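Hello,

The structure we talked about is below. My notes on what was found in it follow.

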Amino acid sequence: MKSGFGSILSEWRAVRRLSQLDLALLTDVSQRHISFVESGRAQPSRDMIFKLAGGLDLPLRARNDLFLAAGYAPAYPERRLDLWEMKAAREALEMILGHHEPYPAVVMDGSWNIIMQNAAVSRIIDACVGRDALRQLFPDGVVNFMQLMFSQKGLRPHVLNWTHTRLVLLNRLRREAAGKPNSPSGLLRQQFDSDAPGARAESMPDDEGDQPMLSLELRIGDARLRLFNTFTTFGTPQDVLLQELRIDMSFPADEMTKRFLEIAAKGGIESALHIHQDA
């Protein structure tokens, strides 16, 4: 995104597909004044920036960018999750992850880095990838969900319906990138959109179209797990980090997957595989 308040405002208007008149009607600010602000002939006040950012429905990080570009201090903080003032949010996330056991759940930041996960996720990653391979993939210890999914040394070889899963992941990255120019999602989309020449799928495979829910089919040993996912976000965040957090919770799509995950939680993956083989 270009520097300068006017350029940033103009680019966000283009992203939202709004004319200056559209934005004027949404914010009760004259089109003439918006034009002056974009051209640099007028300096926006803090109140004006709040109005324009609200009319454009900008994420908090983008609102801070506007304040900085206009010469003001950022209006919204970005606190670390381990700080005392984030205690309530952190405990809520821990409760969600814990209560979701024995099914997988992770918390990711705006760059798709996994910052919290429950034991079910750890069990699956250990079984499919292994701790040594995980350290090689992410030597700094920060595991990126998208990198983990797309890497041949990560979960990708274990995803049985990869064509479908790849399409779902890319579409999510595209949607997020469209609403947030130069976002981490946009950079990841560019990287993975061409990771398999000739394999770009623009529509759902025929055998997936009649399913009530789109599922991830994961192979662990001889077991075939079918999971579907839900994404949750904070409803009224006033912190940049909290707004960008996403909670990804997986649920079993069939009884076999449900039983496998429940047994794995009690006796480990090997125990679940043993019972699966005997079934």
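Strand β1 (105-108) is joined to strand β2 (residues 114-117) by 3 bridges, and the two run antiparallel. This is a predicted model, in which local features need pLDDT of at least 70 and side-chain atom pairs count only at pLDDT 80 or more, while totals for chains, interfaces and linings use all residues. Residues are numbered from 1 along each chain as its sequence is written, and side-chain values use heavy atoms, with hydrogens and water left out. Strands (E, at least two residues) and helices (H or I, at least four) are DSSP runs numbered from the N terminus, and two strands pair if DSSP finds at least two bridges between them.

β1 and β2 form a hairpin with 5 residues between them. Trp112, in the turn, has a positive phi of about 70 degrees. β1 is also joined to β5 by 4 bridges, again antiparallel.

A pocket here is an open set of points on a 1 Å grid over the protein atoms alone, where a 1.4 Å probe fits, with protein on both sides within 12 Å along at least five of seven lines; lining residues have an atom within 4 Å of a point. Of its 30 lining residues, Phe145, Leu216, Asn229, Asp248 and Ser250 lie nearest the centre. α10 gives the most, with 8 residues. By class, the lining has 21 nonpolar, 6 polar and 3 charged residues, with Gly counted as polar.

Lastly, helix α2 (residues 20-27). Gln20, Leu23, Ala24 and Thr27 are buried there. They are on the same side of α2 because they cover an arc of only 105 degrees around the axis, taken from the directions from the helix axis to the C-beta atoms. Leu25 and Leu26, on the other side, are exposed. The buried residues pack against α1, α3 and α4 (contact means heavy atoms within 4.5 Å). Asp28 follows α2 and has a positive phi, near 60 degrees.

Regards

Methods:
Buried means under 20% relative accessible area, exposed over 50%, partly exposed in between (1.4 Å probe, protein chains only).
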